[in-house]
Amino acid sequence: MTTPSRFPEPYGQGSGANLADILERVLDKGVVIAGDIRINLLDIELLTVKLRLIVASVDKAKEMGIDWWESDPALSSRARRDELTRENAELRERLARLEELELGRAPKEAP
Amino acid sequence: MTTGLRYVYAVCRPFGTPLQAELRGVGGAPPALLHHHGLVAVVSTVPEADFCEEALKAHLEDLDWLAATARAHQGVVDALTTVTTPLPLRLATVFRDDSAVRMMIEAREEDFGRLLDRLHGRVEWGVKVYLEPEPEPAEPEPAATARPASGRDYLRRRRQQSHAQEEKWQQAERFARSLHERLAERAENFRMHPPQNSALSKVPGRNVLNAAYLVPRAHSEEFVELVDRTKDEAPGIRVELTGPWAAYSFSGEESGAEPSVESGEGR
């Protein structure tokens, strides 16, 4: 009750410490003990790298106004759907034209 | 049979002050103290559904889950730091039950004792130095007014710009190095962490120094003042202090601090 007053007040934690500060410590530092639940530590290291990549690429890119993948059918399922719809419509149209042609030709060929 | 697993936050020596009653750990469960062989493991029960191998693997890929768990873990360690010197364990150190935790304590008893002796009464302070982001171009739209008259003009201007940028970098690095030297002198030990990615930290500016210092509590006030004094020393450079943390960065095997500030340059 009286002891904590001797201790310095938390300075930046909570407010000042960002998520990177915390993850840096709880994921990469601290005593490593193999618990009963095995989590591959490599996974955790990979994860931090992965997180950095994910956050860096998607957020950053959007921040910078880069969103080309959203319209690239190879990268976006929505773009793929759009592409299919477009292609579908185009094919329908061509089919309709061909049918018309066929119909126009039909009377001549019939006799 | 068991409905929950044991999540271990930290190991410490027995301490007199009780933890705050309202303290909650990972998943909202209150932490408990497990005494064994003169040591204390700070544990809480976590649901097996979230912490079995497969679930944990999936959760760790989820940034929101990871952030909440990391903050809860840090919250307990932080509360311990106000009453004792905890040895923080890495995130998600989980055991089947109390007896498995006791066995772990027995197996690591000597290591724990040695580390706890070494860290007793010490805390970790984090110091980061940032090169402030470039202010918006000083001359508004120079392209229109001062269009380069020739290719040579253009190249010269480009060279001047990159020269100025390089100059700022060198200045920031010089500042970081001198600050580090002064701080290392006041600290018992230090660790250099890789500069932080601003996308993850959501902090503006370029991180040029990211260091942790091990400082006795008794000298912490001076250390903090020293950092505070440097804050206005260099224009365009920002110094950030976090802590006191449990000695996370000094809880690994004794490997000795790297003697240089090299890792601070993250380009």
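Reply: Strand S1 of chain B, residues 4-12, is mostly covered, with 8 of its 9 residues buried. A residue is called buried if 20 or more other C-beta atoms lie within 10 Å of its own, exposed if 12 or fewer do, and partly exposed in between, with C-beta atoms placed from the backbone. Strands here are DSSP runs of E with at least two residues, helices are runs of H or I with at least four, and both are numbered from the N terminus.

This is a predicted model, in which local features need pLDDT of at least 70 and side-chain atom pairs count only at pLDDT 80 or more, while totals for chains, interfaces and linings use all residues. Residues are numbered from 1 along each chain as its sequence is written, and chains are lettered from A and ligands numbered from 1 in the order in which they are written.

Next, the partners. Two strands count as paired if DSSP finds at least two bridges between them. S1(B) pairs in the antiparallel sense with strand S3 of chain B, residues 39-47, over 8 bridges. Within that pairing, B:Arg6 is opposite B:Thr45. S1(B) is also joined by 2 bridges to the antiparallel strand S5 of chain B, residues 94-95, where B:Phe95 is the bridge partner of B:Arg6. Another 2 bridges link S1(B) to strand S4 of chain B, residues 87-88, again antiparallel; there B:Val11 faces B:Leu87.

In soluble globular proteins, nonpolar side chains tend to be buried together. Leaving out residues up to four places away in sequence, B:Val127 touches residues including B:Leu183, B:Leu209 and B:Tyr213; contact requires C-beta atoms, placed from the backbone, within 7 Å.

As for confidence, chain B averages a pLDDT of 87, and 88% of the residues score at least 70; pLDDT is the predictor's confidence in each residue, from 0 to 100. Over residues 255-267 of chain B the pLDDT is below 50, although this stretch has 20 contacts in the model beyond near neighbours in sequence. Where pLDDT is low, the predicted coordinates should not be read in detail.

Key
Two residues are in contact if their C-beta atoms, placed from the backbone, lie within 7 Å.
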